Amino acid sequence: MKGKEKVVALALALALTLAGARWRAPAAVTAEGPAEIGTQGPLIALTFDDGPHRSTTTQLLEGLAQRGVAATFFLIGEQVEGNEDLVARMEAEGHQVGIHTWDHVSLAGLNARDFYSQVERTGSLLTQTLGHGGFFLRPPYGLVDNGVKKRSGAPIILWSVDPTDWDDKNTQRVVSEVVSQARDGDIILLHDIYPTSVEAALQIVDALHAKGFLFVTVEELALQHHVALEPGEVYCNFWP
Ligand SMILES: [Zn+2]
């Protein structure tokens, strides 16, 4: 399974490089078809909100690397400060990085200035850290209004599986909820700031690997399922 996912990741990296951009050029990618991987078996995206957190995110990155799995991290700007090396490591290891605001406020109802101080400020710090832009947005609490759609300038990524891992922090419950619900094209919501969630995530990977799932980033999931992502649009899943 690991080898197969590496092939997927390499082919996608090549396709994205050929397209000359990240999500801004889906038409070019799909028209040329270089990203047709021909993968068999269901694809799924693990997403992690509210990090980075020094100890738990490091532990998660270790576990994902051991399993050859790519995930997507929606980051809090103020926590990126001092953890830039973790963010660079995410991208270097094939993960996708996105924005989850500067200090975790609801974006719905914010005026333009406050919106940009949450989203643009975080995006600027990520650009300084990674050397590129084009970050997807996950609004805290999944709260989206017309202002958020209008100002996002990026695809808005919600989720289709939410085990509320922050609630009772019960690893076994979280694992069984996700594994029993998981289907091709799902976006799973977890938080990499709790040790119990990191442990759950790695158990979820192992259990879904055994069922034939391949883990890809959100961007890759959309690409594989032929969804051309648009800024300001909300996506909860990429079910086929
Ligand atoms: Zn959050």
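## Two loops with a positive phi

Thr164 sits in the loop between β4 (156-157) and α8 (165-168); helices (H or I, at least four residues) and strands (E, at least two) are DSSP runs, numbered from the N terminus. Thr164 isn't a glycine, yet its phi is positive, about 45°. It counts as partly exposed because it has 14 C-beta neighbours inside 10 Å (buried means 20 or more other C-beta atoms within 10 Å, exposed 12 or fewer, partly exposed in between, with C-beta atoms placed from the backbone).

His226, in the loop between α11 (218-224) and β7 (234-235), also isn't a glycine and has a positive phi, near 60°. With 13 other C-beta atoms within 10 Å, His226 is partly exposed.

## About the model

This is a predicted model: local features need pLDDT of at least 70 and side-chain atom pairs pLDDT 80 or more, while totals for chains, interfaces and linings use all residues. Numbering starts from 1 along each chain as its sequence is written.

## A cis proline

Gly51 and Pro52 are joined by a cis peptide bond, with omega about 5°. You'll find Pro52 in the loop between β1 (43-51) and α3 (54-67).

Skipping residues up to four places away in sequence, Ala201 touches Leu46, Leu60 and Leu190 (contact means C-beta atoms, placed from the backbone, within 7 Å).

Key. Two residues are in contact if their C-beta atoms, placed from the backbone, lie within 7 Å.
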